[in-house]
Amino acid sequence: MNYIDPHIHMISRTTDDYHRMARCGCVAISEPAFWAGFDRGTVHGFDDYFRHLTQIEPKRASAFGIQHYSWLCINAKEAENVSLAREVIQLIPRYLTQPNVLGIGEIGLNKNTRNECTVFLEHVELAAQSQELILVHTPHLQDKYQGTRMILDMLNGDARIRPERVCIDHVEEHTIRLAKESGFWIGMTLYPTTKCTPQRAVDMIEQYGVERTLVNSAGDWGPSDPLSVPEFILEMKRRGHGESIIRQVVYDNPMTFFGQCHRLRSTDVNEPSVGITTRTSFAVKR
Ligand SMILES: [Zn+2]
C-alpha cells in the first residue's frame, strides 16, 4: 500500500532508509526542522540547514520516487537564546518561496518555559501573517499534558489561527482528546517504545476515529524506526480494518492536510490515489 510519512528527519537517516521506505510503499514524506542534537551557535548554521532541507533532501528522496516536503522553524530546545531565535525567524520568509515547503514547524514547547512561549508565539505570528500551515511538537513525558494545554490556549487565543490548518503532533492517550475536540489535526508518533507504539495508535484510532488523524515515524538520530508507518498498516490489517480506512490514515489524510498549503495545487489533492501519483497529485503551482 502506498503511504506518506508526514514527520521524519531524513537528514539524520541513511540513503538505505530511503530505499527501504520506497520498497514498503512510501511515496512522500515531510521533514520538519528540528534540534540537531546540539545547540547551533549562529544564524548561519540555520541558513545551511534550511538549504539542506529545501534543496538537498528533495534530491536524495527523488532518487527513490519519494516526494520530499519540509517545515521551517527554530526548535523549542534552542528557544532559550531568544535573540538567536529571532534572527532565525527573520530568515524563514526567504525560504517560504521554495515549492516544497509546507509551513512553519515543528514549533512547540519542550520544558514549557517563558522563553519557549515567546518564541512559539513569534513563529505563530509569522505563520498568521504569511498564511502558513503549522506543525506543532508537544513536549515529552511529564511535561506533555501541561505543555499541550499551554499550546492549545495560545493557538485558541489567536483568532487568525484556524485549527484545521494546524497539526498537534506526538499526541498520546491523555492529550488526543484535548487536541481533537478543539478541531486541530493530530499526529501520532510511532516509536518502538516511548510516545506511541503501532498497537497503541490503533487502539486510539478505534476509540477516536480516523478524522483529522495522521501517523508518523518521527524517525531521527535517536532510537526510532523509519518503517513504523508500515508496521501501523500491518497492525490495522491484523485487527481486520479494511484497505480504505487504512488508506485514509496513511495517504488521504496527509494529502488533505498538506493540500491546504497555498504553494500546492489543492484541486489535485482530492483526486483518487493510484500508484505513485504524488508527483502529479502534489504538483506545485507554477
Ligand atoms: Zn520531529
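Predicted model: local features only at pLDDT ≥ 70, side-chain atom pairs only at ≥ 80, totals over all residues.
Figure 1. Three residues coordinate the zinc ion: His7 and His9, each through NE2, and Glu106 through OE. The donor distances run from 2.0 to 2.2 Å. Along the chain, the donors follow the spacing H-x1-H-x96-E. His7 has a relative accessible area of 1% and is buried. His9 is buried as well, with a relative accessible area of 2%. Water is not among the atoms, so the site may look incomplete.

**Figure 2. The cis peptide bond at Glu106.** Glu106 lies in strand β4, which covers residues 101–108.

**Figure 3. The largest pocket and its lining.** The volume of this pocket is about 490 Å³. Its lining is made up of 26 residues. Nearest the pocket centre lie His137, His140, Tyr191, Lys195 and Asp220. By class, the lining holds 10 nonpolar, 10 polar and 6 charged residues.

**Figure 4. The largest cavity, lined in part by β4 and α4.** The structure has 1 cavity of 30 Å³ or more. The volume of the largest cavity is about 30 Å³. Ile74, Asn75, Ala76 and Ala79 are among its lining residues. The lining also includes Ile107 and Gly108. Glu116, Val119, Phe120 and His123 belong to the lining too. Strand β4 and helix α4 (114–130) each supply at least two lining residues. Helix α4 gives the most, with 4 residues. The lining divides into 6 nonpolar, 3 polar and 1 charged residues.

**Figure 5. His170, a non-glycine residue with positive phi.** The phi of His170 is about 60°. His170 sits in the loop between β6 (166–169) and α6 (176–181). The side chain belongs to a buried residue: the relative accessible area of His170 is 3%.

**Figure 6. Arg212, with a positive phi in a residue other than glycine.** Phi of Arg212 is near 50°. Arg212 is placed in the loop that joins α7 and β8. Helix α7 spans residues 198–208, and strand β8 spans 213–216.

**Figure 7. Cysteines without a disulfide partner: Cys26 and Cys196.** A search of the whole structure finds 0 disulfides. Cys26 is in no disulfide, and the nearest cysteine sulfur, in Cys24, is 9.1 Å away. A disulfide needs two cysteine sulfur atoms within 2.5 Å. Cys26 is buried, at 2% relative accessibility. For Cys196, the closest cysteine sulfur is that of Cys167. The two sulfurs are 13 Å apart, so they are too far from each other for a bond. Cys196 is also buried, with a relative accessibility of 0%.

Note on methods:
Residues numbered from 1 in each chain as written. Heavy atoms only, no water. 1 Å grid on protein atoms, 1.4 Å probe; cavity = no way out; pocket = protein on both sides within 12 Å on 5 of 7 lines; lining within 4 Å. Points joined across faces, edges and corners; volume = space filled by probe spheres on them. Nonpolar A, V, L, I, M, F, W, Y, C, P; charged D, E, K, R; others polar. Donors = N, O, S within 2.8 Å, 3.2 Å for Na, K, Ca; no water. Buried < 20%, exposed > 50% of the residue type's maximum accessible area, 1.4 Å probe, protein only.
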